[in-house]
Number of protein chains: 2
Amino acid sequence: MDKEEKYVDEIADQDDNFSKWYNQIVRKAELADYAPVRGCMIIRPYGYAIWENLQSHLDARFKETGVVNAYFPLLIPRSFLEKEAEHVEGFAPELAWVTRGGGEELEEPLAIRPTSETIIGHSYARWVQSYRDLPLLINQWNNVMRWEKRTTLFLRTAEFLWQEGHTAHRTMEEAEERTRMMLEVYRAFVEEDAAMPVIAGRKTENEKFAGAVRTYSIEALMGDGKALQAGTSHNLGQNFAKGFDIQFLDADGQRKYCSTTSWGMSTRMIGGIIMVHGDSSGLILPPRLAPYQTVVVPIWRKEADKSTVLAQVERIEKLLKRKVRLKVDLSENTPGWKFNEWEMRGVPVRMEIGPRDVQNNSVVLVRRDNRAKEVVPVDALETRLPELLEEVQKALFQRALEFREKNTHYTDSYEEFKRIIAEERGFVRVKWAEDSAAEQAIKEETKATIRVIPFDQPAGGVQGKCIYTGKPATCEAIFARSY
Amino acid sequence: MDKEEKYVDEIADQDDNFSKWYNQIVRKAELADYAPVRGCMIIRPYGYAIWENLQSHLDARFKETGVVNAYFPLLIPRSFLEKEAEHVEGFAPELAWVTRGGGEELEEPLAIRPTSETIIGHSYARWVQSYRDLPLLINQWNNVMRWEKRTTLFLRTAEFLWQEGHTAHRTMEEAEERTRMMLEVYRAFVEEDAAMPVIAGRKTENEKFAGAVRTYSIEALMGDGKALQAGTSHNLGQNFAKGFDIQFLDADGQRKYCSTTSWGMSTRMIGGIIMVHGDSSGLILPPRLAPYQTVVVPIWRKEADKSTVLAQVERIEKLLKRKVRLKVDLSENTPGWKFNEWEMRGVPVRMEIGPRDVQNNSVVLVRRDNRAKEVVPVDALETRLPELLEEVQKALFQRALEFREKNTHYTDSYEEFKRIIAEERGFVRVKWAEDSAAEQAIKEETKATIRVIPFDQPAGGVQGKCIYTGKPATCEAIFARSY
Ligand SMILES: [Zn+2]
Ligand SMILES: [Zn+2]
């Protein structure tokens, strides 16, 4: 192995240079690549398989709540974007514009959707006549584009994949209920399927979605102590209904505006999974979303053993078909090389099968998260392996939760707050008087922002003073540096 | 019911005005809507559910052949498109161009992908080093854009959804084999899952994909006697490998160009399903792709019967859960209205449950395709209903096949050929000498084109003269007017 190759095989130290570690893992595990178009990415098959698993789990959760899928156009006329003032102000700087089509200059430029509230609002206005047509509960899985200046694979790219749900309701109360319901769907998905603990709550006025009355989000803590917003759900009130004239005839004979919501989760989540679970050897994927839940490494030295081992591998493959997503590595590399490779690529469990294992009719299972080994009789595999995968799933969540708890700080002193943000990072939970100017000042002084005002507040209300203004606190807020 | 409502409820006669019938069905069944952007469509939930079923069936068939999914960027630099001369010539007139992003004029305009051979070729050149990296078998599900002048929902729209598969191989032979393999995957999917008979074969030079060495397609005959290309598979030879420098080091130590393929199927297929199976009452959906395979219509007159009937409906819903995609229509409309509505929307089987049915512990099943009724004991539903759905699936295929056979004409006379195309339409199978100029002349004279040179040719070769040039025929070709 020459020097250059050796260098490529080494992974940067997480504590030393987390963002270098992140970028190396994304590239080495073949999750994604930069595209030849500025700020865009190519999601490679191994990364895309994570996305497909995420889609199938999340989509099933949506459908359980009555949501159906549809598809709305990629291009949005400029005039549509201008109908909701805050919305256009928020998105205008990031838009990409189509100005020519079919050999001609367009009369009106068309934006590539940064999100679809406007074009969907236009449709809903035509589809909704009476209260009997409500609620509309529609989601779409698609690509969107926001012309970002600085980009990182998965975390912030000009084009990304996501889902955006859009609902229309008869009353404000119903819209609020749906907004909270979808946040809860995200929370359950992220905690249960991605094994990533989150804090759910409300965004401040400064941080809410352009055009929303209220934005809720779930926030996760990454391995470097920075926060990641994993999903958001917006109560849009009647803002878009008024902009697009989404009215209905109510049972009382009155024409009324709908209340609408929107909610989204994106390929960003893949970045989150990498940064929450990964370690010095590379990726660790939660079993429910892992492309391969188990990698089988056949081992032999003597050519005579090869056929015995491979026959056993085939039997096991059949045994576990449709029960476990299995990858059998039959490449010419050495077993040691394969161990490293699949550890780096985060496969939750490795199965080793050598000649002695065949003799004993058992296999060796090795967990990726803690390297624990166990010998399992082949007859027990069908029940033990799925069980072990669930154990890994839960252990990953537990470990991430402990990390977050260790890295959640409480202080009443702004000096201490500044020190924590500068030296320790993590979540900082403080008393807060909900003052936008103070929030802005803290952001300028420390780069920390309010990630969320958690739903989970002290019983009986918050006592004491705001950490910054000294005014009587109205809530506890969680600050952090964030992605 | 006032006059206007009545008019809306009527469906145009298929024989009278097929395209009016088509457009009415698409709109009335709430499959799709025109978007406020010229030539673009909104795929509504009922139409999108067909697409989701199509995706899941087709994707599983791809994966069985070793194909994996990935995602490549939406935008393609102009310089990329120019690297394959025929390709850019073919697509240039239909491109939409992004010229501004993030508030600035772009240095190089970016096209919204009309297809992704170029941007994928660029990636493959970086990913492929040695013959050990081959083959690459990657597919993507995405949106593409072609600025069409005349558009029809599903059949031809500026933006549409599709999948595009792209493979790279060590040899020409392997690429050819994969090209044919994927055409066969399409044929099996379309015939088995969409119940639509197709003719598989080769496209002529005039009709092949811009940049391909050889294009294969499957062609179906629509209810109005026009042909629809349902899927295509292209052997690209080394054209794109040379344009993008996709080279590999072979086992013999030589650097060689890969051979590549591409193949696609789009939302067009939904248009095909409508036009092949639909009848004077509306849509008829093949059970395997239908959003709802069975609609349950509960029936009662006396309020006292309501709860008995609804309790039975609930039992049956539970019984059939995860076995049949069921829609229970609990709306306030009359049973008669529901019958018409769900017939128009093409649900393959209707289940009627009234008080007497509850007493007998049975239900009435009514097939959409031939209106045949049968009484089925509730205890037998779990086995009988899935079986009946498969019977409908097969019957739809059989009926479409008979229609196609009845509408396939054979002639050696060009006069008769012209008469058939003008008066009868359908497929016209003729002897052919593979002359591009003659093909072009026939197109101008009759608007008919060669849909395909079928794989299925007379044993022992074609005897006789070309229908147009009189030269010795080299094959049989199928002409038709087409979508
Ligand atoms: Zn601390
Ligand atoms: Zn005839």
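A salt bridge here is a side-chain nitrogen of Lys or Arg within 4 Å of a carboxyl oxygen of Asp or Glu.

This is a predicted model, in which local features need pLDDT of at least 70, side-chain atom pairs count only at pLDDT 80 or more, and totals for chains, interfaces and linings use all residues. Residues are numbered from 1 along each chain as its sequence is written, chains are lettered from A and ligands numbered from 1 in the order in which they are written, and side-chain values use heavy atoms, with hydrogens and water left out.

**Stop 1: salt bridges in chain B**

Select Glu219(B) and Arg451(B). Their side chains meet in a salt bridge (3.1 Å, N to O). The pair links distant parts of the chain: Glu219(B) sits in strand E10 (residues 214-221) and Arg451(B) in strand E22 (residues 449-454), 232 residues apart. Helices (H or I, at least four residues) and strands (E, at least two) are DSSP runs, numbered from the N terminus. Both Glu219(B) and Arg451(B) are buried. Buried means under 20% relative accessible area, exposed over 50%, partly exposed in between (1.4 Å probe, protein chains only).

Next, pick Glu476(B) and Arg429(B). This salt bridge spans 2.6 Å, N to O. Glu476(B) lies in strand E23 (residues 475-480) and Arg429(B) in strand E21 (residues 427-432), 47 residues apart. Glu476(B) and Arg429(B) are both buried.

Now try Arg371(B) and Asp279(B), joined at 3.8 Å, N to O. Buried or partly exposed: what is Arg371(B)? Arg371(B) is partly exposed, at 35% relative accessible area. Asp279(B) is buried, at 13%.

**Stop 2: a lysine in chain B**

Go to Lys338(B) in helix H11 (residues 335-344). Lys338(B) counts as buried, at 4% relative accessibility. Leaving aside neighbours within four places in sequence, Lys338(B) is in contact (heavy atoms within 4.5 Å) with residues including Val297(B), Asp329(B) and Asn333(B).

**Stop 3: the sheet in chain A**

Switch to chain A. Trace an open sheet of 11 strands with mixed pairing, in the order E3-E7-E8-E14-E11-E10-E9-E22-E23-E21-E20. Two strands pair if DSSP finds at least two bridges between them. Strand E3 (68-69) and strand E20 (408-410) are the edges, each pairing on one side only. Strand E21 (residues 427-432) and E23(A) run antiparallel over 5 bridges. There, Arg429(A) stands opposite Ile478(A).

Cys466(A) lies in the loop between strand E22 (449-454) and strand E23 (475-480). Cys466(A) is buried, at 4% relative accessible area.

Then select helix H6 (residues 117-127) of chain A. Because 8 of its 11 residues are buried, H6(A) is largely enclosed by the rest of the structure. Among the buried residues are Glu117(A), Tyr124(A) and Trp127(A).

**Stop 4: where the chains meet**

Show both chains again. The contact takes 54 residues from chain B and 54 residues from chain A. The buried area (accessible area lost on putting two parts together, 1.4 Å probe, summed over both) is about 4,300 Å², with 61% from carbon and sulfur atoms. Tyr71(B), Arg100(B) and Trp127(B) supply 15% of the area that chain B buries against chain A, more than any other three residues.

How many salt bridges cross the interface of chain B and chain A? The rule finds 4. Select Glu332(A) and Arg132(B) to see a salt bridge at 3.9 Å, N to O.

Finish at strand E5 (residues 96-101) of chain A. That strand and E5(B) run antiparallel, joined by 5 bridges. Gly101(A) has Ala96(B) as its bridge partner.
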